[in-house]
Amino acid sequence: MQDWNTPDHHIADTDHGILRFAGDVDLVLADWEFTENAPDADGRVYASVRGWLVNGTGTGKVSDRYTEPLEAGRARLVRGELRGRQALTDLNVHIGYDTPVQPYPNTWDHPGCLVTVSWMDRRIDADGHPVPETEIGRTQWTHPDTSQVFDLTAAYVPAGKFYDPARPSFTWQHYDHWSGGVPVLHLFHGDASAPSRGFGSSGRLITDGEWVKTTDAPRLTEHPIPAGS
């Protein structure tokens, strides 16, 4: 992928890849790059495709929001055609959008919407041999000690914490990462589709403490702060 931080960043002559999702929705990505992380402690290898959105609308100005063909967050990738690579098929993925600051007036030949599609690609043992994977994409998990059933598509806060849906705040959500067969929760801010960077980015096991779904957490309005305190 070429360096975007140039005054005349162009994607017209770069390779375009097509990712088709459930519902016959396509994302067309230009100047894409494929990357994969080193195996984690359980041998899972996470991969991603990153590129510039071609089939979205918008000028790229702050006052003009993009219209993306597909919402950020969880999605089902039916097939991905990327030249020179084996086709991607039937994957549970996460989609994130980013908008780097372009020059003004914009001299790029595109609005400037960067897309990242990530997923768990495979799992290997210490010798590099494949390990069957049955956890990625699961939407429920039962705690073996307490029998509590967790909705892995929900947002959580630690038990006893308030949650105010009217104000952007931090929540903990599952991002298809596991450790030792236990779901990992990552810190999200507001309606972000990807985990926050920095504090809490490494995640916490869902067995680490007690959790309550944001829909069940107490609201600040239910416990107003006394006057003068």
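**Exercise 1. Work out how S5 pairs with its strand neighbours.**

S5 and S6 run antiparallel, with five bridges between them; strands count as paired here if DSSP finds at least two bridges between them. Strands themselves are DSSP E runs of at least two residues, numbered from the N terminus. Before going on, note that this is a predicted model, where local features need pLDDT of at least 70, side-chain atom pairs count only at pLDDT 80 or more, and totals for chains, interfaces and linings use all residues. Residues are numbered from 1 along each chain as its sequence is written, and side-chain values use heavy atoms, leaving out hydrogens and water.

Step 1: across from His-94 you'll find Ser-118 in S6.
Step 2: now turn to S4, which pairs with S5 in the antiparallel sense over seven bridges.
Step 3: Ala-75 faces Val-93 in S5.
Step 4: check the hairpin of S4 and S5: six residues lie between the strands, and Gly-84 has a positive phi near 90°.

**Exercise 2. Find the largest nonpolar core and see what Trp-119 touches.**

Step 1: a nonpolar core is a set of buried Ala, Val, Leu, Ile, Met, Phe, Trp, Tyr and Cys residues joined through side-chain atoms within 4.5 Å, with buried meaning under 20% relative accessible area (1.4 Å probe, protein chains only).
Step 2: the largest one has 22 residues, and Phe-21, Leu-27, Val-93, Ile-95 and Trp-119 have the most contacts inside it.
Step 3: strands S1, S2, S3, S4, S5 and S6 each give it two or more residues.
Step 4: skipping neighbours within four places in sequence, the contacts of Trp-119 (heavy atoms within 4.5 Å) include Phe-34, Val-49, Leu-91 and Val-93.

**Exercise 3. Classify two aromatic pairs.**

Step 1: rings of Phe, Tyr and Trp (its six-membered ring) pair if their centres lie within 6.5 Å; planes under 30 degrees apart are stacked, over 60 edge-to-face, the rest tilted.
Step 2: Trp-141 and Phe-150 sit 6.2 Å centre to centre with 35° between the planes, a tilted pair. Trp-141 is buried at 6% relative accessible area, and Phe-150 is buried at 2%.
Step 3: for Tyr-175 and Phe-188, the centres are 5.9 Å apart and the planes at 65°, so call this pair edge-to-face. Tyr-175 is in strand S10 and Phe-188 in strand S11, 13 residues apart.

Methods: Buried < 20%, exposed > 50% of the residue type's maximum accessible area, 1.4 Å probe, protein only. Helix = DSSP H or I, 4+ residues; strand = E, 2+ residues; numbered from the N terminus.
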